[in-house]
There are 2 protein chains.
Amino acid sequence: MRAAPIPAFSPGVTRIQAEFVRECVEVFADAVQLFGVPRSVGQIYGLLYSSPLPLSFSDIVEQLRISKGSASQGLQLLRELGAIHISDSKLNAPLDKRDARQAGGAPGSAIHTAEAGRREYFEPELSLRKLLGAILSERMAPLASTSVNRLTRLRELADQVGDGNDFYLDRVKQLNTWRKRLKAALPVLGALLGSKGGR
Amino acid sequence: MRAAPIPAFSPGVTRIQAEFVRECVEVFADAVQLFGVPRSVGQIYGLLYSSPLPLSFSDIVEQLRISKGSASQGLQLLRELGAIHISDSKLNAPLDKRDARQAGGAPGSAIHTAEAGRREYFEPELSLRKLLGAILSERMAPLASTSVNRLTRLRELADQVGDGNDFYLDRVKQLNTWRKRLKAALPVLGALLGSKGGR
DNA sequence: GCCGTTGTTCATTTATTCTTGAACTCCGAT
DNA sequence: ATCGGAGTTCAAGAATAAATGAACAACGGC
């Protein structure tokens with residue numbers, strides 16, 4: 001088990017809000033692990049999900065207390081999956097945020113002076129369909145790419161066995177059926193998750 | 001990367017059959033990894049899947065060249081998942097197998113004299129629905145059990161924030177929607193995999 | 001152009017998971 | 001009862017995956 005990830009306290013954020021963030025971070029950290037995605041990546045998504053304003057790279061590093069390396073790789077993966085995107089309001093976001101911070105906060109550990117440079121801000125993608133669709137197809141890709149070749153090879157071998165009964169051919173046929181069903185089921189799943197009918 | 005798992009040669013089995021087995025073992029070893037199931041467990045299933053006759057514990061250990069510990073744990077998991085079951089013909093299976101082996105084989109490395117004791121024989125489950133259903137629900141269980149409590153907690157926190165807009169409440173609502181959709185989608189997926197319509 | 005800052009890459013360290021092997025229990029046969 | 005093989009458990013080792021941090025590259029402002 002790992003030490004509970006406790007986001008750093010940011011100025012201008014109430015204790016309740018911080019608690020909300022922490023809970024979200026953990027929820028997503030746990031959830032993504034079920035899909036084989038590293039915990040820290042879920043943390044990043046959870047943080048963005050619970051933030052009213054887009055966050056920058058360094059916000060994430062500071063609040064999650066993770067290394068720049070982890071943050072960079074995690075953000076990269078999330079972008080590849082389409083789970084987050086760069087805020088289009090490159091200009092507004094930082095300004096809004098500075099206001100928000102100044103508004104409520106104990107300015108003790110000062111936000112560094114210059115909020116300058118090529119800083120980018122990230123927002124979470126909120127479509128469940130896109131989120132899961134990307135993860136699933138990413139994980140299915142390697143299987144799909146090799147499975148056809150392998151089944152062909154198995155079929156050849158089964159033909160050569162030539163024992164009395166059709167055991168080997170039957171098994172190959174069944175594998176093929178399974179593959180087809182899986183292939184057919186995935187799009188349907190996507191449709192279900194995208195629909196509004198889940199009540 | 002790991003050394004290719006090469007099943008040991010068994011008497012009474014042609015080279016082609018051995019090749020078929022090896023290919024199956026690898027196919028399932030790779031496939032199960034996508035669902036977070038250990039490779040060796042997939043190997044065991046693949047071996048059983050490609051065997052015309054039920055296999056015993058020691059058959060598995062010998063042919064896959066894995067330790068008794070791995071075999072035991074792997075078989076246990078597969079049984080929990082309902083992916084294999086103990087051959088009901090506790091009496092027939094071993095007899096059949098001895099016949100089969102004697103029939104074709106170079107009896108050089110003799111099958112040990114006494115086929116005795118409480119030896120059990122395993123067969124693979126062939127229903128895709130059962131196979132995947134068990135894996136999926138096993139992996140979803142931890143999420144499902146905690147998610148309701150966590151969402152309740154998040155809702156409480158969101159109520160307490162009370163900033164001008166409904167940002168936090170909206171996020172909680174969306175999480176709830178996602179949860180419901182996932183819950184609704186899983187049974188449908190099961191139905192799809194069990195149907196005959198996948199052609 | 002330079003300079004300070006932002007973000008990336010990658011070898012190393014750290015943490016987690018898987019496998020092994022040996023001691024042990026269980027069961028059936030004698 | 002006891003003997004021998006069948007199967008399980010678990011601590012220790014090996015293999016794999018993830019996180020770190022420091023060196024590096026990219027960008028914007030001046």
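This is a predicted model: local features need pLDDT of at least 70, side-chain atom pairs count only at pLDDT 80 or more; totals for chains, interfaces and linings use all residues.
Helix α3(A) spans residues 57-64, and its buried residues are A:Asp59, A:Ile60, A:Gln63 and A:Leu64. These four residues lie on the same side of α3(A), because they cover an arc of only 100° around the axis. Just after α3(A) comes A:Arg65, whose phi is positive, at about 55°.

Another part of chain A to examine is the loop between α1 (15-33) and α2 (39-49), where A:Val37 lies. A:Val37 counts as buried because it has 22 C-beta neighbours inside 10 Å, and the cut-off for a buried residue is 20 or more. When residues up to four places away in sequence are left out, A:Val37 touches A:Val32, A:Gly42 and A:Ile135. A:Leu78 stands 41 residues from A:Val37 along the chain, and the C-alpha atoms of the two are separated by 10.0 Å.

The crossing of α1(A) past α6(B) is left-handed. On the side of α1(A), the residues that meet α6(B) are A:Ile16, A:Gln17, A:Glu19, A:Phe20, A:Glu23, A:Val27, A:Asp30 and A:Ala31. On the side of α6(B), they are B:Leu143, B:Arg150, B:Arg153, B:Leu154, B:Leu157, B:Ala158, B:Gln160 and B:Val161. Sorted by class, this helix contact comprises nine nonpolar, five charged and two polar residues.

The contact between the chains can also be considered as a whole. Chain A contributes 40 residues to the contact and chain B contributes 39. Within chain B, α1 (15-33), α6 and α7 (167-194) each supply at least two residues of the side that touches chain A. Helix α7(B) provides the largest share of that side, with 14 residues. By class, the side of chain B that touches chain A consists of 23 nonpolar, nine charged and seven polar residues.

Methods: Residues are numbered from 1 along each chain as its sequence is written. Chains are lettered from A and ligands numbered from 1 in the order in which they are written. A residue is buried if 20 or more other C-beta atoms lie within 10 Å of its own, exposed if 12 or fewer, and partly exposed in between; C-beta atoms are placed from the backbone. Two residues are in contact if their C-beta atoms, placed from the backbone, lie within 7 Å. A crossing is left-handed if the near helix is turned anticlockwise from the far one by less than a right angle, and right-handed if clockwise. Ala, Val, Leu, Ile, Met, Phe, Trp, Tyr, Cys and Pro count as nonpolar, Asp, Glu, Lys and Arg as charged, and the others, Gly among them, as polar. The arc is that of the directions from the helix axis to the C-beta atoms.
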